[in-house]
Structure formats: structure tokens, C-alpha cells
Amino acid sequence: MTGTASGKVVVSMTVNGDRVEELVEPRWLLADFLRENLGLTGTHVGCEHGVCGACTILMNGNSVRACLTFAVQAQGADIETVESLGTVNDLDDLQESFRKHHALQCGFCTPGMLMTAIDALRKRPLATDQEIRDALSGNICRCTGYQNIVKAVRTMVQKRDGDD
């Protein structure tokens, strides 16, 4: 990370497998950087206080709130956003499970839910529905009541564990 006369700094990171290097102001939030500089609008900004989870991304394999993280803090990091999963015409397995189980309504929380679920699926046993609920508890959904989201993640746990 190097500074310029304008006070901006060059930040470089890998985002969804692609190396990026951009000039940013040090106060620029990672969520804004992803959305404005890189056009990755799947990272939603809801509460801007780290409470709702809509901006959840993975940084170096850990879920983080992009609305609480400065872009300069991601210097050298490996970032995964919801755009790293699949496309409308080629959903990845978790996205397909959300679709199959109707685990979304308005869709605003969905990118953050997906990224949080990926983190949990990679790191936790998720042996019970309560464990799934605990893993997703930092993400707020105002529409679904969470039951179908839990079903979607449960399906992925079964697939991961070879129980399907």
C-alpha cells in the first residue's frame, strides 16, 4: 500500500480470484470499494453498523462485515463476494439449495446469508438446526422467518457429509 500526494493510497487484493489494484481514500469502506470501484453490487449495505449482515463477505476465509472494514485493511487479502459463487444461469450448490427451499423473499439479506453459510459450512459441523441458526444469527432477514434458510443450509450439510 503506497500513498500519493492526494492522500489516496494504492490498495491491492485478490477479489473472487482476480488481482485488483486501485487508488482509494484511506477512509473508504470495503463495501463501498467493492460496489463502487469494482461494480460488485451483490455486497449489500443495510444498516452500516455491522448488525444486519447484508454486507458479509469472506476475507482470507473468514466472514467479515464489509461495512465495518476499510478497503486499506484488505491490503493483500483474498476476498470472496457473492459474485464468486454462481450466476443466474449457473447457480452453485448453495444458491440452488436456497432456490429449491424458497430461502429468500425480497433477497436483500441473501448475499450475506450465503457468504455466512459458506463460512459456517467450511468450519462448523452444523449437526443440528439450532447450530445452523446460531451460525446465521448475525444475519437479519425480515421476510422469511429463517425456517427455509435453515432447510437450505441443512441440505448442504447433508450433501457435505455424504448423507443425501
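**Close-up 1. Asn-60 sits in the loop between E4 and E5.** This is a predicted model, in which local features need pLDDT of at least 70, side-chain atom pairs count only at pLDDT 80 or more, and totals for chains, interfaces and linings use all residues. Residues are numbered from 1 along each chain as its sequence is written, and side-chain values use heavy atoms, with hydrogens and water left out. Helices (H or I, at least four residues) and strands (E, at least two) are DSSP runs, numbered from the N terminus. Asn-60 is not a glycine, but its phi is positive, near 50°. Asn-60 belongs to the hairpin of E4 and E5, with two residues between the strands.

**Close-up 2. Strand E4 pairs with E5 and with E6.** Two strands pair if DSSP finds at least two bridges between them. E4 and E5 (residues 62-65) run antiparallel, with four bridges. Leu-58 has Ser-63 of E5 as its bridge partner. E4 and E6 (residues 78-80) are also antiparallel, with two bridges. Here Met-59 stands opposite Ile-79. What of the two faces of E4, with Thr-56 and Leu-58 on one side and Ile-57 and Met-59 on the other: buried or exposed? Both are covered, and all four of these residues are buried. Buried means under 20% relative accessible area, exposed over 50%, and partly exposed in between (1.4 Å probe, protein chains only).

Close-up 3. The buried residues are Leu-30, Ala-31, Phe-33 and Leu-34. An α-helix has 3.6 residues a turn, so residues three or four places apart point the same way. The cover over the buried residues of H1 includes E2 (9-15), E3 (18-24), E4 and E6. Contact here means heavy atoms within 4.5 Å. Just after H1 comes Gly-39, with a positive phi of about 70°.

**Close-up 4. The loop between H1 and E4 holds His-44 and Glu-48.** H1 spans 30-37 and E4 spans 56-59. His-44 counts as buried, at 18% relative accessibility. Which residues does His-44 touch, not counting residues up to four places away in sequence? They are Arg-35, Ala-54, Cys-55, Gly-107, Phe-108 and Pro-111. Glu-48, in contrast, is exposed, with a relative accessible area of 54%. Glu-48 has a positive phi of about 60°, although it is not a glycine.

**Close-up 5. The largest nonpolar core has 25 residues.** A nonpolar core is a set of buried Ala, Val, Leu, Ile, Met, Phe, Trp, Tyr and Cys residues joined through side-chain atoms within 4.5 Å. Leu-94, Phe-98, Leu-126 and Val-153 have the most contacts inside the largest core. Helices H2 (93-100), H3 (110-123), H4 (129-136) and H5 (147-160) are the elements that give two or more residues to this core. Which of them gives the largest share? It is H3, with seven residues. Val-153 touches Phe-98, Ala-117, Leu-121, Leu-126, Ile-132 and Leu-136, leaving aside residues up to four places away in sequence. A second, separate core has 22 residues, including Val-20, Phe-33, Leu-40 and Met-59.

**Close-up 6. Cys-109 lies in the loop between H2 and H3.** Cys-109 is buried, with a relative accessible area of 10%. Cys-109 touches Ile-140 and Cys-141, not counting residues up to four places away in sequence. Val-82 is 27 residues from Cys-109 along the chain, and their C-alpha atoms are separated by 11 Å. Cys-141 is also buried, with a relative accessible area of 10%.

**Close-up 7. The cysteines form zero disulfides.** A disulfide is a covalent bond between the sulfur atoms of two cysteines. The rule used here asks for a pair of cysteine sulfur atoms within 2.5 Å. Cys-55 is buried, with a relative accessible area of 3%.
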